[in-house]
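Below, each one is checked against its definition.

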Amino acid sequence: MPGKRFQIFLLGFACLATEVFAGSLLLVGKTDKASALYEPGERMVFSVRLEDDGKAVAGKKLAWERTGDDQKSEKGEGVSGEQPLQIVTACDKPGFVRIVVRALDEAGKAVLDGNKKAVLFEGGAGVQPEKLDSVSEPADFDAYWAQQKAELAKTPMKVLEMKPVPETVPGVATFDVKVACAGGMPVSGYYSKRKDAAPKSAAARVQFQGYSVISAGRQDQAAKDPNHPVMVLCINVHGIENGREPEYYKNLGATTLKGYAFNNVENARRETAFFNGMTLRLLRAMEFVKAQPEWDGKTLTVSGGSQGGLQSLTAAGLDPAVTRCEAYKPWCCDLGGIALNRLRGWRPDYTEALNYFDPANHAKRIRCETYLTTGLGDYVCPPSGVSVVFNHIRAPKTIEYIQGSTHGYNPPNPATYQLTGK
């Protein structure tokens, strides 16, 4: 959402301010290299300017901090003006540098824009990201997932509910669907298809959602492709009910699903980790879509952001029928990176059991076209982890680095750089 900040996770910071500016007030940052990718020890120059409607704002204190995967940190200050603040640094090993710049008033409080958001720049640069690797994968990784698929098969793929819901897009039928699944919870989502789709005529898309305790989202409009029939299934990650009143989800988020995926006791064993049940449900969701008579048997896309990106990469690694994977700022990539001294991000504490769910390991099994994005200022899902995933994929692939982008925010007209490979 260019130009706006929004929260995918319950993260962030709050601070008091004495000055509020127009909503267009921005800290605009860039590097001296268009790619923002450098060699070890090479001089990195960040230029950051405080602007309002594209014009320089003078006289505001700019406080900056540099951290990185090299475990080095620096701090400094400057004053905004026509000439941008320059921050010069370097990194002597593969990894990423993180730069945060904050605009402060005379009292040292954060300057807020007209939307009452702190004015800051969060960006960075990388050093030889193509050389980043993960911790070793479990020796029985494939055997474990073969076993889990066998366990899933013991629960027949039975549609428990396929309830029509009111039509919102002419010509598209949408259903609230529940499908039996191993692990204690069903697959639960909304399934949309064109009413006039003939057998074996439709491409399929499975949509996954970010970290949340909410209903699945309806994808009626996505199913209304004027050129080619598309059938879309969007599932919620928990197997809970869809379309309920807000109190239902609020209560679950405050009780049984509070802090899900972060339970260290559960994460000590692969069978009890939240991600195990999540994976069984996404595999069953794929089976449901492939069983629909309208599916053309050829085109199957998985897509999602954050936790949805994690699920998309997992699905593409475990299901060879997937033909395209889209993972936007995917979560939990390179979970063992913390053991290699990389900046952590927002994720569960690392355990060896979690290696079975790390997209960095599933990526090695992906054989379809894959598109990834990562924010150079995103330290919910750090760019180092997404780069590791990109490195492990052995199929046509693209990663897009976005300057000044955090987990829930892309700046207006951001500088971007793409790497491709096979």
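Q: What makes strand S17 and strand S18 a pair, and do they run parallel or antiparallel?
A: This is a predicted model. Pairing takes at least two bridges between two strands. Six bridges join S17 (residues 369-375) to S18 (residues 397-402), so they count as a pair. The two strands run parallel. Within this pair, tyrosine 371 stands opposite threonine 398 in S18.

Q: Which sheet do these strands belong to, and how many strands form it?
A: Ten strands form the sheet, in the order S10-S11-S12-S14-S13-S15-S16-S17-S18-S19. The sheet is open, and its pairing is mixed.

Q: Why are S10 and S19 said to stand at the edges?
A: Strand S10 (159-164) and strand S19 (416-421) each have a single partner strand, so one side of each is left without a neighbour in the sheet. From one strand to the next, the twist averages 15°.

Q: Which helices pack on the sheet?
A: Helix H5 (residues 274-290) does, touching strands that include S10, S11 and S14. The direction of H5 makes about 160° with that of S14. Helix H6 (residues 307-318) also packs on the sheet, touching S13, S15, S16 and S17. The direction of H6 makes about 145° with that of S15.

Q: How do you know that H6 is mostly covered?
A: A residue is buried when its relative accessible area is under 20%. In H6, twelve of twelve residues are buried. Among them are Gln307, Leu310 and Leu318.

Q: What span does H6 reach, and what is expected?
A: H6 has twelve residues and reaches 17 Å from its first C-alpha to its last. That is close to the 16 Å expected at 1.5 Å a residue.

Q: Why is aspartate 176 called buried?
A: Aspartate 176 has a relative accessible area of 4%. The cut-off is under 20%, so aspartate 176 is buried. This residue lies in strand S11.

Q: What makes the link between aspartate 176 and asparagine 242 a polar contact?
A: Their side chains meet at 3.1 Å.

Q: Which residues have the most contacts inside the largest nonpolar core?
A: They are Leu27, Val101, Phe275, Val302 and Leu372, in a core of 101 residues. H5 gives the most to this core, with ten residues. Leucine 27 touches residues including Val48, Leu62, Val101 and Phe121.

Definitions and conventions:
Residues are numbered from 1 along each chain as its sequence is written. This is a predicted model: local features need pLDDT of at least 70, side-chain atom pairs count only at pLDDT 80 or more; totals for chains, interfaces and linings use all residues. Side-chain values use heavy atoms; hydrogens and water are left out. Helices (H or I, at least four residues) and strands (E, at least two) are DSSP runs, numbered from the N terminus. Axes are lines fitted to C-alpha atoms, for helices over the stretch in contact, and angles run from 0 to 180 degrees between N-to-C directions. Contact means heavy atoms within 4.5 Å. Buried means under 20% relative accessible area, exposed over 50%, partly exposed in between (1.4 Å probe, protein chains only). A polar contact is a pair of N or O atoms within 3.5 Å; within protein, one must be able to donate a hydrogen and the other to accept it, and residues adjacent in sequence count only if both atoms are side-chain atoms. The expected span of a helix is 1.5 Å times one less than its number of residues. A nonpolar core is a set of buried Ala, Val, Leu, Ile, Met, Phe, Trp, Tyr and Cys residues joined through side-chain atoms within 4.5 Å. Lists of a residue's contacts leave out its neighbours within four places in sequence.
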